[in-house]
Structure formats: structure tokens, C-alpha cells
Amino acid sequence: MSAVRTRIEALLAAHPVILFMKGTREAPRCGFSAAAVERLDEVLEDYLGVDVLEDEAIRQGIKEYGNWPTIPQLYVNGELVGGSDIIQSLYDSGELHRLFGRPEPDRSPPDLAISDRAVAAIREAMADVGDAKLFLAIDGRFQPQFQFREAGSADIAVEANGLEVRFDVASAQRARGARIDWVETEHGSGLSIQLPLAPKGVRDLDVHALRERLAAGDITVIDVRPAADRAAAPFAAAEVLDADSHARLLGLDKGTPIAFLCHHGNSSRQAAEYFRERGFRDLYNVSGGIDAWSREIDPSIPRY
């Protein structure tokens, strides 16, 4: 037995649910991994994400282990479930929820309003799509996108102003109260999709404002840097986001003001968006990260 296979089997034996993916749960590094994480996180709090980009041997070895050529890959109790498309399908059908003993998703159709002008524009765009159906997909960041694709048995269909619009389960929940119109602006014309349930975007917070908020005690700081970086330049006022704290931090009240900190302010924004996708409403990214804090606030913290 190869050393890589032994490592994989040890992981599978130690963790009942594992997603082999590109990136981390907090910062996926491909769209398919992000979609898989989004669905799993709505069903499970506790599972292991293995970043194959950090381990080339595991990246190749897991493809051979399960005879599955792509990443991500979901394993449950040592058995391969499949990749992103299968996870999506299982989620939409409710099978993913049943697999983990969770309540099935709300499949009630969303209420939405579509103006006459928007209907006319959409019908014109549909003139050459054949049997494809109109879908409104809304991702975890509440970014909406109209798509034309084949109908599926798990679709949620809504008729609004004489137009049928289809949704996957997660998109249907995010579309509640949506208003779709055709608008003319100085930059051109196009569809406008308003989503009342969309949380506020991540806001920038400079280090001087962060110092004031910390003094007032009205903000939680989460440090998303690797352990070696935190050891080299510690920020004592912060919580640490890692595998051990992940579920606890996601369990905070969704209205908690949270600022995310990294080296320069890039990976922390990704982490903040990850929390936004999970319903948190008051999120900040520390501009310039720990480097700016060292330069402008506390020079005793080493720069690196």
C-alpha cells in the first residue's frame, strides 16, 4: 500500500465527513469547491475540508483512490459520494439532508414581481433557446444570474406576470420578495434584480477605527492568518479562525459586529464574505491587515 493511500485512509477513518477541495471552507479557490462548501455548510456545521492545493500528493492520490477525476470530492463514512454537481443534486432533492438526519429544505415557491418591460426583454432573449427553461440562480453572496438550461425534477417553478421562472432550492429561498425590472441608466439599460433578503456587503475598516472599536468593546476580531504568521506577529485581541473554532464562531449571533484580520487584508476579505454567505449582517475587513496595524498603531508587533 502506498504512503499516500495510507494517509487518505487514515483521514477517512478519523473523520466521518470529508470534502477534498481546492482552498479551505473559509476561502474556496475554485467555483466548484465554493458551491460544494455552500451546500454542505447549510446542512452540516462539523466536517473536514482538505485543501488539495496544499498537498500535491493528496491531490493526485484522492483521484486515484476513488477513481474520480475531479475535485472537489465528498466522502461520508469512508465512501465516495461525488463531486459538486452531485452534492447540488442531493441538496435539491433533500437526499443530502436525509443523509445527515437534518430537516429537508423549504421548497415553498418564492413570491416575486416582474415588470412588463422585464418580461418583454426576457422573452426576447428566450426566442432562440429551444426547450431550455429560464432559471434565476442566486449564489451565497446573493449575486443573481439568469440562465437557460434543461429542466430538472427538483426545480421549483414560479409563474410571475405570465413568465415561468425556475429555481434550485437555495436560490428559491434567497429570491423571496425579489423585484425584477428593466431600467434605463446613464450607463445603459438592463435588468434590475432587487433581493430584499441580501445581507449588507463587507465594509472596510481602517486600523484607527478598529482601535476605537476595540476600546469601546463593541466588535469581535477574527484572525484568519496561518498559525506561523500569528506566532510571528501576534494580535492578542483577536479570536482565531481554524478547524477547532470554526463551528463555534459560525454559531455567533448573526448580528454580531465582526472584523476580519490577515496579513495585508486580502484573505481576510474572503473569510468575511464566507461569513456573509452564512447570514452575518455586520462584517468588516481590516484594511492593510496586521501590517497596517504594526505601521500605524503598534510598532512593537513585528512586520514580516
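Modeller: The axes of helix α1 (residues 3–14) and helix α3 cross at roughly 80 degrees and come within 9 Å. This is a predicted model: local features need pLDDT of at least 70, side-chain atom pairs need 80 or more, and totals for chains, interfaces and linings use all residues. Residues are numbered from 1 along each chain as its sequence is written, and side-chain values use heavy atoms, without hydrogens or water.

Biologist: Why are α1 and α3 called roughly perpendicular?

Modeller: Check the angle classes: under 35 degrees is roughly parallel, over 145 roughly antiparallel, 65 to 115 roughly perpendicular, and the rest oblique. The crossing is roughly 80 degrees. Therefore α1 and α3 count as roughly perpendicular. The axes are lines fitted to C-alpha atoms over the stretch in contact, and angles run from 0 to 180 degrees between N-to-C directions.

Biologist: Which residues make the contact of α1 with α3?

Modeller: From α1 come V4, R5, R7, I8, E9 and L12; from α3 come A57, I58, G61, I62 and Y65. Contact means heavy atoms within 4.5 Å. By class, the residues are seven nonpolar, one polar and three charged. Nonpolar means Ala, Val, Leu, Ile, Met, Phe, Trp, Tyr, Cys or Pro; charged means Asp, Glu, Lys or Arg; the others, Gly among them, are polar.

Biologist: What makes α8 roughly perpendicular to α12?

Modeller: Helix α8 (residues 207–216) and helix α12 (residues 289–296) pack at about 85 degrees, with axes 9 Å apart. That angle makes α8 roughly perpendicular to α12. V207, H208, L210, R211 and L214 of α8 meet G289, A292, W293 and E296 of α12. The tally of this contact is five nonpolar, two polar and two charged residues.

Biologist: What is the secondary structure of the chain?

Modeller: Twelve helices and 16 strands. They are DSSP runs numbered from the N terminus: H or I over at least four residues for helices, E over at least two for strands.

Biologist: What share of the residues counts as buried?

Modeller: 44% of the 304 residues. Buried means under 20% relative accessible area, exposed over 50%, and partly exposed in between, with a 1.4 Å probe and protein chains only.

Biologist: What makes E54 and R29 a salt bridge?

Modeller: The rule asks for a side-chain nitrogen of Lys or Arg within 4 Å of a carboxyl oxygen of Asp or Glu. In E54 and R29, the closest N and O atoms are 3.9 Å apart, and the pair forms a salt bridge. E54 lies in the loop between β2 (48–51) and α3 (56–65), and R29 in the loop between β1 (17–21) and α2 (31–43), so the pair ties together parts 25 residues apart in sequence. Both E54 and R29 are exposed.

Biologist: How do you know that R174 is buried?

Modeller: Its relative accessible area is 8%, so R174 is buried. R174 forms a salt bridge with E42, with the closest N and O atoms 3.0 Å apart. R174 lies in helix α7 (residues 169–174) and E42 in helix α2, so this pair ties together parts 132 residues apart in sequence. E42 has a relative accessible area of 36%, so E42 is partly exposed.

Biologist: Why does D223 count as buried?

Modeller: D223 has 2% relative accessibility, so it counts as buried. Its salt-bridge partner R225 has its closest N and O atoms 2.7 Å away. R225 is buried too, with a relative accessible area of 3%. Salt bridges that share partners also join R25, D41, R141, E277 and R278 into one network. The count comes to 27 salt bridges.

Biologist: Where is L241, and how do you know that L241 is buried?

Modeller: L241 lies in the loop between β14 (239–240) and α10 (246–250). Its relative accessible area is 10%, so L241 is buried. D223 is 18 residues away in sequence, yet 6.2 Å away in space, C-alpha to C-alpha. Leaving aside neighbours within four places in sequence, the contacts of L241 include D223, V224, H246 and F275.

Biologist: Which residues have the most contacts inside the largest nonpolar core?

Modeller: L19, L96, I114, F260 and F275, in a core of 53 residues. A nonpolar core is a set of buried Ala, Val, Leu, Ile, Met, Phe, Trp, Tyr and Cys residues joined through side-chain atoms within 4.5 Å. Beyond four places in sequence, F275 is in contact with residues including I222, L249, F260 and L283. Another core lies apart, with 17 residues, among them L210, I219, A238 and A259.
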